[in-house]
Amino acid sequence: MTVLDLPELLAGPVDRAARGLLGCRLSAGGVTVRLTEVEAYAGFGGDEASHAHRGRTPRNAVMFGPAGFAYVYFTYGMHWCINVVCGVEGEASAVLLRAGEVVEGLPVARERRPSVHNARDLARGPARLCAALGIDRSVYGTNLLDGSGPAVLEPPLRPVPAKTVHSGPRVGVTGALDLQWRFWLDGEPTVSAYRRHAPRR
DNA sequence: GGGCCGATCAAG
DNA sequence: TTGATCGGCCCA
């Protein structure tokens, strides 16, 4: 395909969707980021790291719907993170958007994150990405593909070379370390620092 | 109703 | 390395 078919990509296997989301642009609140790092979470196969692992709840309900919608959650009492729902309806797979490069609305992003002086850090990390875009609970359950909601996902301006896509274990995940479901664009300064999960003692 | 812990971040 | 800070989920 010459032009990336986003709806088709997202409705497919979640790890393939995650790869394809690299280089895509997410716009919200007057800011656009180019995605440089994502993680896949499966709603099947007993992926214990998935928020859908224990079944459907009010919090994760949107994950069980069709692909292309936003699953936004609040964590550590202060941070928002955004996922794109993937797979077929009822599958409950999703891709966490971990980092991006601000390509439009730089002044607005800086205004939202006044403490950040290095542009690369504005959306470097899942909570920082949401902060830069002004994403919060109001984005939960909205359509990211048809422009009807507060956030819009679009294909890359130029194709992403396959060899620049690298993968490794997911961040902060205890189980399933064999899964290489964290994907990033190699060499991008906006990719978040990888921190292996540290067991409690 | 109580308690624990988290797909994090920033400061020390 | 640690504190901030609170919603979701499990268990009683």
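Strands, in the sense used here, are DSSP runs of type E with at least two residues, numbered from the N terminus. The model is predicted.

**Exercise 1.** Determine where glutamate 39 lies and whether glutamate 39 is buried or exposed.

*Solution.* Step 1: Glutamate 39 belongs to strand 2, which covers residues 31–41. Step 2: Its relative accessible area is 0%. Step 3: Buried means under 20% relative accessible area; therefore glutamate 39 is classed as buried.

**Exercise 2.** Identify the surroundings of glutamate 39.

*Solution.* Step 1: Neighbours within four places in sequence are set aside. Step 2: The contacts of glutamate 39 are then Ala94, Val95, Leu96, Arg98, Arg170, Val171, Trp181 and Arg182. Step 3: For valine 171, the backbone nitrogen is 2.7 Å from a polar side-chain atom of glutamate 39.

**Exercise 3.** Describe the protein surface around DNA strand B.

*Solution.* Step 1: There are 18 residues around DNA strand B, and His51, His79, Asn83, Arg113 and Arg128 come nearest. Step 2: Of the atoms of DNA strand B within 4 Å of the protein, 48% belong to sugar and phosphate. Step 3: By class, this surface comprises eight nonpolar, six polar and four charged residues.

**Exercise 4.** Assign polar atom pairs to parts of DNA strand B.

*Solution.* Step 1: On the bases, a polar side-chain atom of histidine 79 is 2.8 Å from an oxygen, and a side-chain N or O atom of asparagine 83 is 2.5 Å from a nitrogen. Step 2: A phosphate oxygen lies 2.5 Å from a polar side-chain atom of arginine 113. Step 3: Strand 4 (79–86), strand 5 (93–104) and helix 4 (126–133) are the elements giving two or more residues to the surface near DNA strand B; helix 4 gives the most, with three residues.

Terms used. Residues numbered from 1 in each chain as written. Chains lettered and ligands numbered in written order. Predicted model: local features only at pLDDT ≥ 70, side-chain atom pairs only at ≥ 80, totals over all residues. Heavy atoms only, no water. Near = heavy atom within 4 Å. Polar contact = N/O pair within 3.5 Å; in protein donor to acceptor, adjacent residues only side chain to side chain. Helix = DSSP H or I, 4+ residues; strand = E, 2+ residues; numbered from the N terminus. Nonpolar A, V, L, I, M, F, W, Y, C, P; charged D, E, K, R; others polar. Buried < 20%, exposed > 50% of the residue type's maximum accessible area, 1.4 Å probe, protein only. Contact = heavy atoms within 4.5 Å.
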